[in-house]
Amino acid sequence: MKKIVVLTGAGMSAESGISTFRGANGLWDEYPVEQVATPEGYRANPSLVLEFYNTRRRQLLEVEPNEGHKLLAGLESEFDVTVVTQNVDNLHERAGSTKVIHLHGELMKVCSSREPYNEKYIKTLTPDEIEVKVGDLAADGSQLRPFIVWFGEAVPKIEDAIAALAGVDIFIIIGTSLNVYPAAGLLNYVPASVPVYLIDPNEVNVTRQGVTVIRKGASEGMRTLIDGYLSKIK
Ligand code: OAD
């Protein structure tokens, strides 16, 4: 089985109704990133930050994976697929993808403020218990915090993403502006001989030569990729 690694960003979930971050009506226009997605913002106003993620969780419960997520999950019948996502939603999993690496954390999880990556204190929220408030504690007695990688924090899962590239045959990029590192740098670890496909309705600045750009949204772009390119590979 050929091995596919896919890097996804907010555009992957746009057709499900989740806002992207940059561009017109992006989330960071409405909520200043310094306030809601940095450790400093969290220290300054924890209840505002907790409420921001409570709102994101409520929204996540109301949306569904789109055709793009589903087509990507369907590739697992013919390829060994690993999805590396910058998204904190769980739409890849809900569409059926089984190997998903979340570089920037997961919205439905909460963790210790003191040791965010200690598995002992990471908890998955259930749909009827998605609100986190100041005073809710992790098992180590610290404030529960969203299991989200904020700006200025380390991205430990990038190591798993790089490891997943070993022996990769095809690399696919979907719906990311490639503005945020280290995620955007993953492409540098893809050997020059490996074909790279990029699906995005807008122009994305990519430094590598020979990338096949499919200028379409995630669902339509996945259809084009499967019918026009992958069906000839296998
Ligand atoms: P951006 O909002 O920066 O980029 C979204 C990309 O999706 C853009 O290139 C759009 O053109 C594209 N797009 C829009 N609609 C689309 C559609 N229907 N189908 C496919 N693509 C579409 O989001 P990211 O690149 O994911 O980090 O942002 C990366 C990180 O920055 C996020 O994970 C988040 C953010 O700040 C943290 O919170 C740490």
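1. Ser112 lies in strand E4, residues 105-112 (strands, E, are DSSP runs of at least two residues and helices, H or I, of at least four, numbered from the N terminus). The model is predicted, so local features need pLDDT of at least 70 and side-chain atom pairs count only at pLDDT 80 or more, while totals for chains, interfaces and linings use all residues. Residues are numbered from 1 along each chain as its sequence is written, and side-chain values use heavy atoms, with hydrogens and water left out.

2. Ser112 is buried, its relative accessible area being 0% (buried is under 20%, exposed over 50%, partly exposed in between; 1.4 Å probe, protein chains only).

3. The Ser112 side chain makes polar contacts with the side chains of Asp140, at 2.7 Å, and Ser142, at 3.2 Å (a polar contact is a pair of N or O atoms within 3.5 Å; within protein, one must be able to donate a hydrogen and the other to accept it, and residues adjacent in sequence count only if both atoms are side-chain atoms). Beyond its neighbours within four places in sequence, Ser112 has contacts that include Tyr121, Ala138 and Arg145 (contact means heavy atoms within 4.5 Å).

4. Six strands form an open sheet with parallel pairing, in the order E3-E2-E1-E7-E8-E9 (two strands pair if DSSP finds at least two bridges between them). Strand E3 (100-102) and strand E9 (212-214) are the edge strands, each pairing on one side only.

5. Strand E8 (residues 196-199) runs parallel to E9 and is joined to it by three bridges. Ile199 has Ile214 in E9 as its bridge partner.
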